[in-house]
Amino acid sequence: MKRIVFLAVVLAALMAQATVTPLYLDETAPLEQRIDDLLPRLTLDEKLAIIHAQSKFSSAGVPRLGIPTFWTDDGPHGVRPDVLWDEWEQAGATNDSCVAFPALTCLAATWNPAMAHRYGVALGEEARYRGKDMILGPGVNIYRTPLNGRNFEYMGEDPYLASIMVVPYVQGLQSQGVAACVKHYALNNNELFRHTTNVIIDDRALHEIYLPAFKAAVQQGHAWGIMGAYNLYKNIHNCHNPYLLNDILKRDWGFDGVVVSDWGGAHDTEQAIRYGLDLEFGTWTNGLSEGARNAYDNYYLALPYKRLIEQGKYTTRELDEKVRRVLRLFMRTTLRDYRPRGSMCSADHYDAARTIAGEGIVLLQNKGGVLPIDTRRVRRVLVVGENAIKMMTVGGGSSSLKVQREVLPLDGLKARLQRDGIEVDYARGYVGDTTGAYNGVTTGQNLVDHRTPAQLIDDAVSKARQADAVVFFGGLNKSNHQDAEEYDREDYGLPYGQNEVIEALAKANKNLVVVNISGNAVAMPWRDRVPAIVQGWFIGSEAGNALADVLVGDVNPSGKLPFTWPERLQDVGAHAVGDYPGTKRTGEDIWDEEYREGLYVGYRWVDKAKTRPAFAFGHGLSYTTFTLGKAVVSSNHITAADSLTVTVPVTNTGSCAGAEVVQLYVRDVKSSMPRPAKELKGFKKVYLQPGQTAQVSITIGRDALSYYDDTRHQWVAEPGDFELLLGTASDRLPVKAKFTLE
Ligand code: GLC
């Protein structure tokens with residue numbers, strides 16, 4: 001009897017086992033087998049449903065098979081407020097106010113990959129808590145012109161710096177089970193005519209300058225998503241482009257994730273089918289731009305695609321390839337049994353924002369030791385400028401946020417100085433843009449001031465005369481034609497008459513500090529008459545606290561410029577030889593923009609054209625001083641298979657602790673193809689107490705020596721002599737070493 005009972009129990013258990021978890025839901029099974037199990041279970045309609053949007057920021061799952069809706073959200077600096085189903089307007093929720101982290105140019109300016117990882121983790125936690133499965137970021141388009149409205153969302157002018165900084169951000173974000181969607185792939189380097197610009201560029205510049213950060217995000221970061229850009233390359237829209245998507249991204253780089261269109265970036269069903277688009281979002285198809293609502297079935301990869309299959313024009317071969325990638329994305333996100341719960345507006349997130357900003361703020365100039373503000377000596381400080389009181393987290397396009405709080409520069413600095421009994425006064429100085437709303441999010445500020453520019457300057461000057469120190473907060477903002485999506489600046493200078501205010505303040509008080517809040521370089525004609533200049537970036541929720549930390553010396557600045565700061569626009573390759581913004585084709589709404597400067601972007605152009613920038617790529621001062629000793633190389637002769645390590649001692653020769661960034665540039669002494677005079681191929685940030693010396697070692701391999709041979713379509717490290725240049729800025733490289741590649 002017992003045996004029968006036993007067998008019955010075993011049988012029941014086996015029966016139960018047989019009906020429970022289908023392979024695709026079994027997380028212990030290999031990913032590709034789970035996809036093989038799931039794909040044939042989907043009907044044609046279900047396959048089509050998951051490759052295009054169903055609302056402004058979501059795409060369908062497969063409810064019948066227990067596969068949830070897939071939620072995306074902007075943006076690279078924080079999780080955008082929830083919007084109405086089919087609107088850009090915010091839904092007016094009261095539980096989606098987030099932490100705004102510093103803009104990515106500030107992150108890049110830290111030159112500290114650990115900051116990028118912490119950034120990605122914190123953003124991933126906020127995204128998870130908000131139920132998002134993909135963040136539409138980070139952006140890594142190369143800073144080609146200081147007029148580009150979206151440079152604040154990107155990581156500067158150098159492909160190596162952007163490559164090193166994007167990888168840990170992607171890894172941190174995805175460690176939380178949230179997909180990155182690295183954007184905008186590719187060649188979206190200005191906003192003017194972004195939907196209709198056809199970029200013409202040589203293969204070397206494409207591969208050596210504009211693609212490396214995307215390649216690193218894919219091959220080292222293992223990004224689960226890539227966003228196609230709006231513009232065209234070789235006359236085909238980048239959201240379905242055979243060269244960039246099928247050949248380079250998927251074939252050559254081995255990308256196994258999903259290509260997401262930018263919102264409205266798809267333009268043609270058959271191109272979308274054949275040229276690499278996997279997930280179509282935000283498309284205005286068949287006149288959907290303003291009219292039809294909830295017409296997601298009209299998307300190019302929706303009913304029009306189904307009709308072509310039903311007509312026999314296409315099998316499901318291409319469809320199944322797209323579906324495989326989307327299912328793989330599901331298994332990395334929505335189909336994971338356990339993903340971290342996330343957290344929102346935590347003390348850790350505010351600390352992350354403040355710490356990253358503190359490492360990214362750049363001390364550009366500091367004559368006469370005006371900084372840090374000596375809280376023992378000064379008794380009264382005057383703060384001037386609209387950017388001291390204007391919120392910067394609202395506006396600027398899709399990266400706009402609804403924050404739980406944003407500490408403004410005036411408030412942060414006042415709170416810090418008053419702790420030492422210092423009196424803080426304020427003068428507007430100038431009136432710029434008093435608006436403060438975007439997609440239904442409003443700052444709630446009333447910045448209206450009816451005084452004339454002369455009255456504002458007189459008020460500021462009379463107060464400046466009474467102060468021991470003056471701190472001017474100016475720069476750009478997130479308004480159209482400033483640092484904002486869809487627009488470029490129309491000139492390089494500071495707007496709103498700020499130059500006049502700065503000149504007047506410089507005459508009224510010799511202890512003047514100018515803090516420039518922007519994501520772009522700006523003209524500084526008053527540079528020689530202002531003792532201290534700080535690049536303050538768009539810092540987000542902790543702006544005022546992070547700026548105060550640096551201005552009073554609680555934090556010793558260690559940021560380095562991620563882009564060259566030209567004196568004039570003419571000193572930029574894109575403007576000197578152009579041909580920004582390109583030329584309109586006759587009879588077509590297409591602008592051909594030829595990147596005639598080729599490889600020579602940023603400091604590469606400085607070296608070629610022998611221009612003199614106001615501040616160099618990699619420049620940034622400290623409140624202490626550092627010296628570098630002689631370099632030692634691990635070998636003077638290497639083969640292409642070897643790596644080489646260069647070691648240099650760095651000493652803190654000043655009076656306070658601080659961090660320095662040792663930068664390594666490589667010069668190919670003689671090459672059969674033209675190459676930039678030097679290129680950044682290594683860096684390391686080191687923290688030192690006063691008097692401390694550290695041995696900083698940087699290892700490079702053949703990648704650091706190679707260039708892209710566009711005749712052989714491959715990377716080539718040519719034998720011959722190479723020179724290593726080490727220092728603390730691209731224009732301060734005192735340490736040299738040589739070696740030969742066999
Ligand atoms: C925008 C931007 C893109 C953003 C998307 C969704 O047009 O180009 O960066 O993620 O649409 O807002």
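Biologist: By class, how do the residues in the lining of the largest cavity divide?

Modeller: This is a predicted model. The lining of its largest cavity consists of 20 residues. By class, these are 11 nonpolar, 6 polar and 3 charged residues.

Biologist: Which residues lie nearest the centre of the largest cavity?

Modeller: The largest cavity holds about 160 Å³ of space. Of its 20 lining residues, those nearest the centre are Met392, Thr393, Phe538, Ile539 and Gly540.

Biologist: How much space lies in the second largest cavity?

Modeller: The lining of the second largest cavity has 14 residues, with Glu157, Thr564, Pro566, Val572 and Gly602 nearest its centre. By class, 7 are nonpolar, 4 polar and 3 charged. The space in the second largest cavity is about 110 Å³.

Biologist: Turning to the pockets, which element gives the most residues to the lining of the largest pocket?

Modeller: The largest pocket has a volume of about 1100 Å³, and 42 residues line it. The element that gives the most, with 6 residues, is S25.

Biologist: From which domains does the lining of the largest pocket draw at least three residues each?

Modeller: Nearest the centre of this pocket are His207, Pro212, Lys215, Asp703 and Trp715. The lining of the largest pocket divides into 19 nonpolar, 10 polar and 13 charged residues. At least three residues come from each of domain 2 (44–77 + 96–332) and domain 4 (625–742).

Biologist: What is the division by class in the lining of the second largest pocket?

Modeller: The second largest pocket has a volume of about 350 Å³. Among its 23 lining residues, Trp88, Arg194, Tyr230, Glu485 and Glu486 are the closest to its centre. Domain 2 (44–77 + 96–332) and domain 3 (360–571) both contribute to this lining, so the second largest pocket lies between them. By class, the lining of the second largest pocket has 9 nonpolar, 5 polar and 9 charged residues.

Notes:
Residues are numbered from 1 along each chain as its sequence is written. This is a predicted model: local features need pLDDT of at least 70, side-chain atom pairs count only at pLDDT 80 or more; totals for chains, interfaces and linings use all residues. Side-chain values use heavy atoms; hydrogens and water are left out. On a 1 Å grid over the protein atoms alone, a cavity is a set of points where a 1.4 Å probe fits but cannot get out, and a pocket is an open set with protein on both sides within 12 Å along at least five of seven lines; lining residues have an atom within 4 Å of a point. Grid points are joined across faces, edges and corners, and a volume is the space filled by probe spheres set on the points. Ala, Val, Leu, Ile, Met, Phe, Trp, Tyr, Cys and Pro count as nonpolar, Asp, Glu, Lys and Arg as charged, and the others, Gly among them, as polar. Helices (H or I, at least four residues) and strands (E, at least two) are DSSP runs, numbered from the N terminus. Domain bounds come from an automatic or database domain assignment.
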